[in-house]
Amino acid sequence: MRIQNVDKDIITFELPDFPITVEAGRRAGNEKSFFHEEIEIKYVTSGTVTTMIDTEMISAEKGDIIFFNPYEVHSNIVLGRQEGMYHILVIGLDFFASPGLSDIDLRRLFMNKRIKFNNLITNKRAAAIIKAIVLEMTEKKEYY
């Protein structure tokens, strides 16, 4: 199957020195296929969210995590009366190049397809961490 009409999405970060962005409370809807260099994480907060990643359809329920590896073509699709909601985190690969974090060149590993994370994650601990990050980033209390 050949994927057509794909756009490269250019991600910009509010704080260039902190390449992570969070959008809380998004409603799933049909969207055009696109890809980007950044890691994208969707945490499903209600209903069902169905996503196409490359040529694979993935349906996630409340509490599930959808992980998009860099350069994977993806889009949301709505099947029937799905009314899924989710939080989205986008993480630039430069985040992992911060001093002291890692000596691994993640960009090169992803580009060469040597590393790929599972797209559907069902893990309560990971979900709790993502919820805590979303809360921290949306409340923006002092020193967040």
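The protein chain has a mean pLDDT of 82, with 84% of its residues at 70 or more. An open sheet of 5 strands, paired in the antiparallel sense, has helix α2 packed on it, and the largest pocket holds about 220 Å³ of space.

**Confidence**
- Among the elements of the protein chain, β10 has the highest mean pLDDT, at 96, whereas helix α1 (residues 106-111) has the lowest, at 69.
- Where pLDDT is low, the predicted coordinates should not be read in detail.

**The open sheet and its helix**
- The strands of the sheet follow the order β2-β9-β4-β7-β10, and their pairing is antiparallel.
- The edges are taken by β2 and β10 (120-121), each of which has a single partner strand, so one side of each is left without a neighbour in the sheet.
- The antiparallel pairing of β2 with β9 extends over 6 bridges, and within it Thr21 stands opposite Val90 in β9.
- Helix α2, which spans residues 124-139, packs on the sheet and touches β2, β4, β7 (65-68) and β9, while its direction makes about 100 degrees with that of β2.

**The hairpin of β5 and β6**
- Strands β5 (residues 48-53) and β6 (residues 56-61) run antiparallel and are joined by 6 bridges, with Met57 in β6 as the bridge partner of Met52.
- The hairpin has 2 residues between the strands, and Asp54 takes a positive phi near 55 degrees in it.

**The largest pocket**
- The space in the largest pocket comes to about 220 Å³, and of the 15 residues that line this pocket, Asp9, Ile11, Glu23, Arg26 and Ile88 are the closest to its centre.
- Two or more residues of the lining come from each of the elements β2 (20-27), β4 (39-46) and β9 (85-91).
- By residue class, the lining of the largest pocket divides into 5 nonpolar, 4 polar and 6 charged residues.

How values were computed:
Residues numbered from 1 in each chain as written. Predicted model: local features only at pLDDT ≥ 70, side-chain atom pairs only at ≥ 80, totals over all residues. Heavy atoms only, no water. 1 Å grid on protein atoms, 1.4 Å probe; cavity = no way out; pocket = protein on both sides within 12 Å on 5 of 7 lines; lining within 4 Å. Points joined across faces, edges and corners; volume = space filled by probe spheres on them. Helix = DSSP H or I, 4+ residues; strand = E, 2+ residues; numbered from the N terminus. Nonpolar A, V, L, I, M, F, W, Y, C, P; charged D, E, K, R; others polar. Pairing = 2+ DSSP bridges. Contact = heavy atoms within 4.5 Å. Axes fitted to C-alpha atoms, helices over the stretch in contact; angles between N-to-C directions. pLDDT = per-residue confidence, 0-100.
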